[in-house]
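Please keep the sequence and the 3D view at hand while reading.

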Amino acid sequence: MMVKKYRADSMNDAMAKVRKDLGSDAVILHSKQIQSGGILGLFKKRGVEVIAALDPDHTEAEDHVKMERVQDLTPNPVINQQLGELKGMIAALSSSMTDHFPSPVSDILDSLKKQGMKEEYLLELGNRLQRLPEETYIESTEVFLIERLETVPMGGMTFTHKYINLMGPTGVGKTTTLAKLAAEAVIEKRKKVAFLTTDTYRIAAIEQLKTYASLLNVPVEVIYKADDYRAAIEKFRDCDHIFIDTAGRNYREEHYVTELHNLIDFSTDMESYLVLSLTSKEEDMREIATAFSSMKIDRFIFTKLDETSSVGAIFNLILETGIGAAYVTTGQDVPEDIEPLLAKDIARLLMKGIRP
């Protein structure tokens, strides 16, 4: 069966697209109202989304159930029931993919699944464990986690780059995290540093960074345009490190990423970190990482570990993107509550509930 999704301004327009593409024998599986575009949540454009299907081998004479035709948009309860049953079968299949392993293996996989680890990695681990002696399961699980994560650079800052740039959406704790990193540079490494902030959208963010700058006795400049950035770079040319706090915006909107490109010169000696909150949905974190894929992300910084018990997203994102992790934060205190993140540390977090 061929299944396609269509979007249009109206149902009539959608039906025209379906008929042109699939013909008059197509079946409407689902339709709904949608909104798109707009500015700051306003002036959104209404439209419809239609999912249609066509079975090339289908004839009316073979029908045991009358399917909904393109010309008839009345919901068919039989089709809805069949779709519900199909979804249930898919969900049941998904939940039972690891059930065929021996009980000791399944127990380990279930614990990691609760942490949010993706099914494909659970299956890979399960296939490995079932070939090993049972007494090695726990140790072998930790070895597997570490081996999979050690394929990418991990750990904290090397302090080999002059410009330290933190990017990410609003509310993930970029400014506080920036202060923690700068405190390490000033207090432990005895480096001369300066702050730049492009977050001119929130007065509170500027004041917060100025407070940290005052406590650390370092200068801070507010950047409104590219000329300001170039002037600040020249002003602080004698500093060992310049820490850049970018504005927290909705980076699903492509023009915000473009604005950042136009404001900051990423071609300089820069180390860039994408800051993500572990309290966010994994799919949201994945979308944010995709939005920043046009830039060079050196490593992730994960915040708010103290507010969640699920860390599987760390493992999944690192393997899917090929980007390592630098730090994890565990609270608001500066300069405390931040730890470098190595493969063994992530494995330790995932193994909670497995180790006796």
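The model is predicted. Its protein chain has 12 helices and 11 strands. Of the 356 residues of the chain, 46% count as buried.

**The chain as a whole**

- The protein chain exposes about 18,900 Å², and carbon and sulfur atoms supply 51% of that area.
- Among contacts between residues at least 6 apart in sequence, 72% join residues at least 24 apart.

**Strand β7 and its partners**

- Strand β7 covers residues 241-245, and 5 of its 5 residues are buried.
- In a regular strand, side chains alternate between the two faces of the sheet.
- In β7, one side carries His241, Phe243 and Asp245, the other carries Ile242 and Ile244, and all of these are buried.
- Strand β4 (residues 163-167) pairs with β7 in the parallel sense over 4 bridges.
- Leu166 has Asp245 as its bridge partner in β7.
- Strand β5 also pairs with β7 in the parallel sense, over 5 bridges.
- Ala194 stands opposite Ile242 in β7.

**Aromatic pairs**

- The structure holds 3 aromatic pairs.
- Phe195 and Phe243 form an edge-to-face pair, with 6.4 Å from centre to centre and 80° between the planes.
- This pair links distant parts of the chain, as Phe195 sits in strand β5 (residues 193-197) and Phe243 in strand β7, 48 residues apart.
- Phe195 counts as buried because its relative accessibility is 0%, and the cut-off for buried is under 20%.
- Phe243 has a relative accessibility of 0% and therefore also counts as buried.
- The rings of Phe300 and Phe302 have centres 5.5 Å apart and planes at 45°, so this pair is tilted.
- The range for tilted lies between the limits for stacked (under 30 degrees) and edge-to-face (over 60).
- Phe300 is buried, at 0% relative accessibility.
- Phe302 is buried too, with a relative accessible area of 0%.

**Salt bridges**

- The count comes to 16 salt bridges.
- Arg299 and Glu271 meet through their side chains in a salt bridge of 2.7 Å, N to O.
- Arg299 and Glu271 are both buried.
- Lys296 forms a salt bridge with Asp298, with the closest N and O atoms 2.2 Å apart.
- Lys296 counts as exposed because its relative accessibility is 58%, and the cut-off for exposed is over 50%.
- Lys225 forms a salt bridge with Asp228, the closest N and O atoms being 3.3 Å apart.
- Lys225 has a relative accessibility of 45% and so counts as partly exposed.
- A network of salt bridges links Lys118, Glu120, Glu282, Glu283, Arg286 and Glu320.

**Lys304, a buried charge without a salt bridge**

- Lys304 lies in the loop between β9 (299-303) and α11 (312-321).
- Lys304 is buried yet has no salt bridge.
- The nearest side chain of opposite charge belongs to Glu307 and is 5.0 Å away from Lys304; a salt bridge would need a nitrogen and a carboxyl oxygen within 4 Å.
- Leaving aside neighbours within four places in sequence, Lys304 is in contact with Gly171, Val172, Ser277, Leu278, Thr279 and Thr329.

**Tyr229, a buried residue in a helix**

- Tyr229 is found in helix α8 (residues 226-235).
- Tyr229 is buried because its relative accessible area is 4%, where the cut-off is under 20%.
- Not counting residues up to four places away in sequence, Tyr229 touches Leu196, Ile223, Ile244, Leu263, Ile264, Asp265 and Met270.
- One of these, Leu196, is 33 residues from Tyr229 in sequence and 8.2 Å from Tyr229 in space, C-alpha to C-alpha.
- Ile244, also in contact with Tyr229, is among the buried residues of β7.

How values were computed. Residues numbered from 1 in each chain as written. Predicted model: local features only at pLDDT ≥ 70, side-chain atom pairs only at ≥ 80, totals over all residues. Heavy atoms only, no water. Helix = DSSP H or I, 4+ residues; strand = E, 2+ residues; numbered from the N terminus. Buried < 20%, exposed > 50% of the residue type's maximum accessible area, 1.4 Å probe, protein only. Lys, Arg positive; Asp, Glu negative; His and termini not counted. Contact = heavy atoms within 4.5 Å. Phe/Tyr/Trp six-rings, centres within 6.5 Å; stacked < 30°, edge-to-face > 60°. Areas by Shrake-Rupley, 256 points an atom, 1.4 Å probe, with all protein chains shown as cover. Pairing = 2+ DSSP bridges.
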